[in-house]
Amino acid sequence: MAVLSSFPPELERLLEKDPYLTPFEQDFQRRYGVFHRILKKIEENEEDLNKFTKSYQTFGINRLIDGGLYCKEWAPGAEAVFLTGDFNNWNPFSHPYKKMDFGKWELFIPPGPDGFRPVSHGSKLKLVIRTKTGEILYRISPWARYVVREGTNVNYDWIHWEPSTPYKWKHPIPKKPKSVRIYESHVGIASPEGKIASYKNFTYNVLPKIKDLGK
């Protein structure tokens with residue numbers, strides 16, 4: 001694990017290239033300090049940032065080798081967590097999660113008779129959350145792989161997605177870039193002036209800077 005300085009790297013170089021940012025130097029330091037503290041907590045509790053970003057591999061619902069299911073959620077404010085759905089005739093409390101450290105909850109569902117899946121592909125699910133005040137809430141897991149809104153319904157349904165034949169990727173995974181890539185840029189606010197910026201401003205003043213930073 002690399003040692004990360006609590007001071008923003010190359011901040012002086014940034015301010016030299018863009019003096020307009022100089023009045024906000026303390027804000028850069030404060031916000032980077034917050035980032036540094038959170039990153040340190042992630043590395044202490046989740047080994048490293050890379051593993052933390054792949055939480056979908058352990059959170060939500062994942063199949064075990066024996067055919068059972070491992071269910072894991074993060075609900076630090078919950079008093080109790082349960083799983084309900086078509087698989088248990090919507091019994092809200094028959095499948096309770098076990099409380100773990102750091103707000104995590106886990107549940108093991110053994111395989112069905114003769115190794116059958118305990119939760120069928122395409123069936124509906126919901127998390128049942130009991131709050132500290134005793135209120136019962138029905139929620140969709142943040143790690144649900146598939147949700148759908150039927151007809152004119154306002155709410156979405158969590159659908160357990162586990163087809164008998166998994167999808168096969170048709171193309172290779174893109175290679176990891178050597179440097180940071182800008183993934184979002186807004187034309188309208190890409191100006192220090194208090195107005196909606198134009199496409200001409202974006203073309204002549206912003207795109208060249210993005211290109212230069214990408215070298």
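Which residue stands opposite cysteine 71 in β2? Select isoleucine 61: that is the residue facing cysteine 71. Before we go on, this is a predicted model, where local features need pLDDT of at least 70 and side-chain atom pairs count only at pLDDT 80 or more, while totals for chains, interfaces and linings use all residues. Residues are numbered from 1 along each chain as its sequence is written, and side-chain values use heavy atoms, leaving out hydrogens and water.

**Stop 1: the sheet**

Now show β1 and β2 (residues 69-74), which run antiparallel and are joined by four bridges. Strands here are DSSP runs of E with at least two residues, helices are runs of H or I with at least four, and both are numbered from the N terminus. Two strands pair if DSSP finds at least two bridges between them.

**Stop 2: aromatic rings**

The structure holds seven aromatic pairs. Rings of Phe, Tyr and Trp (its six-membered ring) pair if their centres lie within 6.5 Å; planes under 30 degrees apart are stacked, over 60 edge-to-face, and the rest tilted.

Select phenylalanine 82 and phenylalanine 93: this pair is edge-to-face, 5.0 Å centre to centre, with 75° between the planes. Phenylalanine 82 is in strand β3 (residues 78-85) and phenylalanine 93 in the loop between β3 and β4 (98-99), so the pair ties together parts 11 residues apart in sequence. Phenylalanine 82 is buried, at 7% relative accessible area, whereas phenylalanine 93 is partly exposed at 39%. (Buried means under 20%, exposed over 50%, partly exposed in between, with a 1.4 Å probe and protein chains only.)

Next, pick tyrosine 146 and tryptophan 161, a tilted pair at 4.8 Å centre to centre and 50° between the planes.

**Stop 3: charges over rings**

Go to lysine 72: its charged end sits over the ring of phenylalanine 59, 4.6 Å from the centre. Then find arginine 130, lying over the face of phenylalanine 93 at 5.7 Å from the ring centre. To count, NZ of Lys or CZ of Arg must be within 6 Å of the ring centre and within 35 degrees of the ring normal.
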